Amino acid sequence: MSEFYGRFGTGLGTLFAALVAVWLAGMVLAPNIMMVDYALRPNLPPADLGGPRDVYSLDNILYLANESVHRSIFFKTVWASALVAFLTLVVCYPLAYWLAQTAAPNRTAVVLLALTIPFWINEVLRTLAWYILLAFRGPLNALLLSLGIIDEPVRWYGNAGVLAGMVYAYILFMLFPIYSAIESLEKSQIEAARDLGASVWRTHWRVVIPHAKAGIATGCVFTFMLAAGSYVAPALLGAPGSRWFTEIIYNWFFEGGDWNRGAAYALVLLVLCMAVVLATLRIARVNLTDVAK
Amino acid sequence: MRFGRTQAVHEVSFTVEAGEFFSILGPSGCGKTTILRMVAGFLQPTEGKILIGGRDMRGLGPDQRPTAMIFQSLALFPLMPVWENIAFGLEARGVEKSVRRARAEELLRLVALEGFGERMPGELSGGQRQRVAIARALAVEPQVLLLDEPLSALDLKLRQHLRSELRELQKRTGVTFIYITHDQSEALAMSDRVAVMSAGILQQVGAPRELYDNPATPFVAGFVGETNAIGGKVASVEGGFATLDSPHGPLRGRASNGLSAGAPAKLYVRPEALAYGAEGGHTIAATIDRIDFEGAFALAYGTLEDGNSLIVSIPNTKLGSAPPIGERASFSFRAENAVVLADV
């Protein structure tokens, strides 16, 4: 801290510290405290606020526990988010490896640029593109029909659509951490493994993946959290049977008019996400600070 | 071997005997690493072939060849303990864990690192890591061990120590070593035979002594050890000796192949073959600019009458009668200690 003040001087140093404090208090602490406060209080008409019925309780959270449809959507959201993270990993790992170790440098630059350009567009519009692609009379069905792979158009909206939309939406969050992890692996490590007779599979399992572990865990954590909190993809590409937990939260706030219950649902989702993240990091033996890097 | 339009290695053909310590010596960029990587199987030659034990290696990858490589960076796996590093090649061959462990211990004993099996590579010193890399390569029982300047990152003292250790290990195991280096003293000290390369072309293959005494090309004469080159025209060639018309008068040295009367050539004479004084054989005169004391000997740097420089090595037992600095002095050499090579 004294080094910090030494570098920026007392005036500027205090200003920076104050800005960070305001940011933390206003953007992180206050909303979360308000969410917890809302979650633990009953939904009352304005006249009753502060009255004898306005007491803290776990009723809103217990409501979720007892409501079987919401409960199953919650657990489905959790495991489907894990599936999104896994599928994104499966797509990204070979690509990241190729970009980091095999491709010529100028080709790497072109491919990374090509992957980044779509992300200059808003997420809603990108998802809308998938909405068009996956439509019942859309281009994907037309292509598959003309190739003779399917006989009738497939209804992609639903679980398949949501998965595809999310994997696409979060690909960069998985690709970049893994890419930078693999890029730092010395090429001679891979050559040495091959020279000693290791198969491609063993080289990855014993040399590349252990080296890239922190990057893989980081990508998975990012993707899982983004997927669990995603709203656009399930709203646009989903079907009634593929509802996402965020949609239920949205409904409590904007259609049910029960902010307290919505806050309680959001709190449960937040706690569960944090638990999953910490468990993943524990399993991968990666520190939270490594992920932050 | 070509990379795009660059010819990295051409006109290279040599045979390495089984159990030999063979070095490939050359300045950086001369193609020696390319040759090593072709032998290892990381590169496929665009033309020509590589035989190991009489078997054509064409189309075989590094995992299918009876070779093991020691990388310049050593490329130990930093996240595996030492014993797993050593046993990695056996693991890849599906050897059972207890057998792998026992074999790793055996190899650790061979390289005098008993008890280091559970350490991580990062906890070892440079010399110890070096030995782990050798043990890891020997674990797959290669016919040929390929070493890509593995000593270049170490300090001089350790390098000299490891030189003799490598040499001794090679004799003990009987494995053929192909050793890449740009350090001529390293190549001369360790090798049974040395191949000298320059600009993708093989210059000469021979025992260290032979390269030093009988360099076949001007490049070898200049690269292997210090030498003095004196230019001139060939006057005559007879009885294995050539006479050179030089600005310093006629000088004689052993003739190499391809000399013809009247052609431009140079006479090469080593600094230690020159003696201060006019007696014995051929004499050249130079003005001494400075004398650097090196320990066992001193090096006198002089200028010849035609402006070229001259280096003379003076044993320190004779320093008492060293030539005076700034004055003209005569140096003599015997014709059998000089060699005349055609200019290329």
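Two strands are said to pair if DSSP finds at least two bridges between them. Strands themselves are DSSP runs of E with at least two residues, helices are runs of H or I with at least four, and both are numbered from the N terminus. With that settled, take strand β3 (residues 21–25) and strand β9 (residues 193–198) of chain B: they pair in the parallel sense over 4 bridges. In that pair, F22(B) stands opposite R193(B).

A word on what you are looking at. This is a predicted model, where local features need pLDDT of at least 70, side-chain atom pairs count only at pLDDT 80 or more, and totals for chains, interfaces and linings use all residues. Residues are numbered from 1 along each chain as its sequence is written, chains are lettered from A and ligands numbered from 1 in the order in which they are written, and side-chain values use heavy atoms, with hydrogens and water left out.

Now chain B as a whole. Chain B has 8 helices and 20 strands, and its C-alpha trace spans about 75 × 45 × 35 Å along the principal axes. Of its 344 residues, 48% count as buried, meaning under 20% relative accessible area with a 1.4 Å probe, protein chains only; exposed is over 50%, and partly exposed lies in between.

Back to the sheet. Strands β3 and β9 belong to an open sheet of 6 strands in chain B, in the order β6-β7-β8-β3-β9-β10, with mixed pairing. Which strands stand at the edges? They are β6 (67–70) and β10 (201–206) of chain B; each has a single partner strand, so one side of each is left without a neighbour in the sheet. From one strand to the next, the twist averages 20°.

Next, the hairpins. Strand β16 (residues 282–293) and strand β17 (residues 297–304) of chain B run antiparallel and are joined by 7 bridges. One bridge partner pair there is F293(B) and A298(B). The hairpin has 3 residues between the strands, and G295(B) takes a positive phi near 120°. E294(B) sits in that loop between β16 and β17. Is E294(B) buried or partly exposed? It is partly exposed, with a relative accessible area of 46%.

Strand β17(B) also runs antiparallel to strand β18 (residues 309–315) of chain B, again with 7 bridges. Here T303(B) stands opposite S309(B). This hairpin has 4 residues between the strands, and G307(B) takes a positive phi near 95°.

Note on methods
Axes are lines fitted to C-alpha atoms, for helices over the stretch in contact, and angles run from 0 to 180 degrees between N-to-C directions.
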